[in-house]
Amino acid sequence: EASASLSQKISLGDKGIAEVTRSLCEVNVANAEAYDPRDEKKLKDTIRESVGFQEVNRHVKSAMVQWIGGVVKDKFEKLVNETGEECEDTEDTFFV
């Protein structure tokens, strides 16, 4: 699942976060492919004739950042709920 994979990346600390960031920076809808080439052409023509690829890329990145924020929030809520009253003793258990 995508959320589990992201959580694992974040668990790697700076290295994992840098990898996720690089992936976001590489979003380029113009390079996306569809199963049916006719669908791909139609979609890309629509994007080209309306808001443009740069705007769609910005929107995709923004949506992904929102999703990442939700995954991180869920991870912290789970950790805090699991530790309960022992929260002070969990220094080494975050992102494990």
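Lys41, Asp45 and Arg48 are joined in a network of salt bridges, a salt bridge being a side-chain nitrogen of Lys or Arg within 4 Å of a carboxyl oxygen of Asp or Glu. In total, the structure contains 8 salt bridges. Side chains of opposite charge can pair when their charged atoms come close. The model is a predicted one, in which local features need pLDDT of at least 70 and side-chain atom pairs count only at pLDDT 80 or more, while totals for chains, interfaces and linings use all residues. Residues are numbered from 1 along each chain as its sequence is written, and side-chain values use heavy atoms, with hydrogens and water left out.

A further pair is found in helix α3 (residues 37-49), where helices (H or I, at least four residues) and strands (E, at least two) are DSSP runs numbered from the N terminus. Here the side chains of Lys44 and Glu40 form a salt bridge with an N to O distance of 2.9 Å. The two residues are 4 residues apart, so about one helical turn separates them. Lys44 is buried at 13% relative accessibility, whereas Glu40, with a relative accessible area of 21%, is partly exposed; buried means under 20% relative accessible area, exposed over 50%, and partly exposed in between (1.4 Å probe, protein chains only).

What, then, links Lys9 and Glu19? Their side chains meet in a salt bridge of 2.7 Å, N to O. This pair connects distant parts of the chain, with Lys9 in helix α1 (residues 2-11) and Glu19 in helix α2 (residues 14-25), 10 residues apart. Lys9 is partly exposed at a relative accessible area of 26%, and Glu19 also counts as partly exposed, at 29% relative accessibility.

Helix α1 is also the place of Ser7. Is this serine, Ser7, buried or exposed? Ser7 is buried, its relative accessible area being 15%. Leaving aside residues up to four places away in sequence, Ser7 touches Val71 and Lys75, where contact means heavy atoms within 4.5 Å.
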